[in-house]
Amino acid sequence: MLLHEISSGGGPEQAEVVQLMRQECPILEYLHFFTYPGRSHNLSADDDITTNAEFRSLGDDYTVADDYDPSEVSFSLKIFGKDLTVDQAYLDGLGLPGGVDAAQAVGSALGVQRRRFARNLGRNLNNYIINGNSSTSAKQFEGMRRVISQQLGASQTLDSLGANGLAVVMGNDNAAKAAQQKFVEALQDLISAVAGGATVLQMNRKIINRLSTIAREQCTTTIDQFGRPITSFNGVPLLPAGFDRTGAELLPFTETLGTSTSKCSTVLAMRSEEMAYWSFKTTPSGIKVYDPIRVGNKYTQTVELQLDSGEPFNARSLAALPGVMLS
């Protein structure tokens, strides 16, 4: 299930927060979540059968059986959210008009705060889905980049662009065309490096623009329910990684690959299904918006999401293509 489907059982405030988060975190339209009792547990992963099928004669048994002994992946919910507050003294300065009581004023003030925070919450979540790192803080879940580098095999970080990356240049001369064709082939390799084929790619918005120019015949653009133009490459949506709440790009051209120093970017590929491939665990309520309460001199409302990326159910759920340069 998608996060907004799990979170659909709350009231209008919860629905508003979910809607604003989705607008700022487009990958939520492709990343699947599941619920499961308990905060921490192990689940069966996809198993690789290491023996080949064999032929047998009528009446004979197979010589070797594959015993059921599934590998497991672990999950432990992380708590992600914020307390929003309004000082009671703020109400004195409102000059409440007739018919407006303090509860309405608190609700209005918290509503402004809540909507502003919900947009930032979407940007925050998008950042952690890409860059979450438990070695920075054990309170965080692991993001795509960390999962690929630490949990998946080396084959999931592709070297299709060479040891020093590739400059995908504009132009019609032979060198420019060769670089463009190599990049297009590398993206096709990236999609197929994910089991079953990637269902979405994330990259810097400038790479999407360049790809739309050099591979126009393979790219289409549609408008989603939020009015966002979504470009697809051979049917696979391309999502701009976007920015964190400070305005810093999440997949910038500041990476180093080989001799290409601080000028590369990475393209990330993902496939997600409920309790399959790369899927997040959450609680049955999903995003939770609690009722406001008075604590000391402030009215407080908590917005919270419990989730964990755990370990991928399939060892080829994600893949990365480093070394993209534009010039």
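**Salt bridges in a predicted model**

User: What is the relative accessibility of Arg-205, and how does Arg-205 count?

Analyst: In this predicted model, the class of Arg-205 follows from its accessible area. Partly exposed residues lie between under 20% (buried) and over 50% (exposed). Arg-205 therefore counts as partly exposed, its relative accessibility being 38%.

User: Which side chain meets that of Arg-205 in a salt bridge, and where does this partner lie?

Analyst: The salt bridge of Arg-205 is formed with Glu-249, at 3.7 Å from N to O. The pair links distant parts of the chain, 44 residues apart: Arg-205 is in helix H7, whereas Glu-249 is in the loop between strand E9 and strand E10. Glu-249 counts as partly exposed, at 26% relative accessibility. The partner asked for is Glu-249.

User: Which residues are joined with Arg-115 into one network?

Analyst: Arg-115 and Glu-16 meet through their side chains in a salt bridge of 3.3 Å, N to O. Because Arg-115 belongs to helix H4 and Glu-16 to helix H2, this pair ties together parts that are 99 residues apart in sequence. Salt bridges with shared partners make one network, in which Arg-115 is joined with Glu-13, Glu-16 and Arg-114.

User: How many residues apart in sequence are the parts that Glu-24 and Arg-123 tie together?

Analyst: A salt bridge joins the side chains of Glu-24 and Arg-123, at 3.3 Å from N to O. Glu-24 is in helix H2 and Arg-123 in helix H4, so the parts tied together are separated in sequence by 99 residues.

User: How many salt bridges are counted?

Analyst: The rule requires a side-chain nitrogen of Lys or Arg within 4 Å of a carboxyl oxygen of Asp or Glu. By this rule, the number of salt bridges is eleven.

Terms used:
Residues numbered from 1 in each chain as written. Predicted model: local features only at pLDDT ≥ 70, side-chain atom pairs only at ≥ 80, totals over all residues. Heavy atoms only, no water. Helix = DSSP H or I, 4+ residues; strand = E, 2+ residues; numbered from the N terminus. Buried < 20%, exposed > 50% of the residue type's maximum accessible area, 1.4 Å probe, protein only.
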